[in-house]
Amino acid sequence: GLGLSTSLGIVRDHGGFIGVETARDTGTTFRVYLPPAPDNAAAAPDHGRSSAALAGSGELVLVVDDEDALLSLIAETLMTQGYRTLRAANGAEGIAVFAAHAAEIAVVLTDVKMPVMDGIAMLNVVRQIRPDVRVVAMSGVDESLDEAGRLVADGVTGVLQKPFDAAQLARAIREALKARESAP
């Protein structure tokens, strides 16, 4: 599926690689190799692609994705960038988490296509709870420009195409926060 390509993009963004070993009747083993963090580094290296201007200041981001590994990776990446995170595995869970923390959540980052309830259906309910919430959509499906335009017309602040790197993620969240700050 899309999980491996997404993982590969994230691992490469951090200067690493993925090793694959396959043996008949035994299966396949994937090993992720990442460079060690410098002793004085408190966060992941930015490889010159992000800056302090993109870092968070403790804002709360709700991350919604049906792929557990990707959900964890995105949440961890956001935390290294200075954000706090909440997680949900589908739109229905996302609504429940959002309802419990609606006043605190600055941005919702959601996958578009998910089982149980997709991101757009979730967005419609979330907007009934808090119409001003900022949303960044992400999709592994090659969205057409018309689809991305429709999402933006539906109130989505930004669209991330999977796989994306940490700098693209930081930029999308920061742009959503800027849109929130400049809203009337």
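Guide: In this predicted model, strand β5 (residues 105-111) pairs with strand β6 (residues 134-139) in the parallel sense over 5 bridges; two strands count as paired if DSSP finds at least two bridges between them. Strands are DSSP runs (E, at least two residues), helices likewise (H or I, at least four), numbered from the N terminus. Within this pair of strands, Asp111 stands opposite Met138 in β6.

Both strands belong to an open sheet of 5 strands with parallel pairing, in the order β4-β3-β5-β6-β7. At its edges stand β4 (84-88) and β7 (156-161), each with a single partner strand, so one side of each lacks a neighbour in the sheet. On average, neighbouring strands are turned by 20° against each other, direction ignored. Axes here are lines fitted to C-alpha atoms, for helices over the stretch in contact, and angles run from 0 to 180 degrees between N-to-C directions.

Helix α2 packs on the sheet and touches β3 (60-64), β4, β5 and β6, contact meaning heavy atoms within 4.5 Å. The direction of α2 makes about 170° with that of β4. Helix α4 (residues 119-129) lies across β3, β5, β6 and β7, and runs at about 155° to β5.

Residues are numbered from 1 along each chain as its sequence is written, and side-chain values use heavy atoms, without hydrogens or water. Local features need pLDDT of at least 70 and side-chain atom pairs count only at pLDDT 80 or more, whereas totals for chains, interfaces and linings use all residues.
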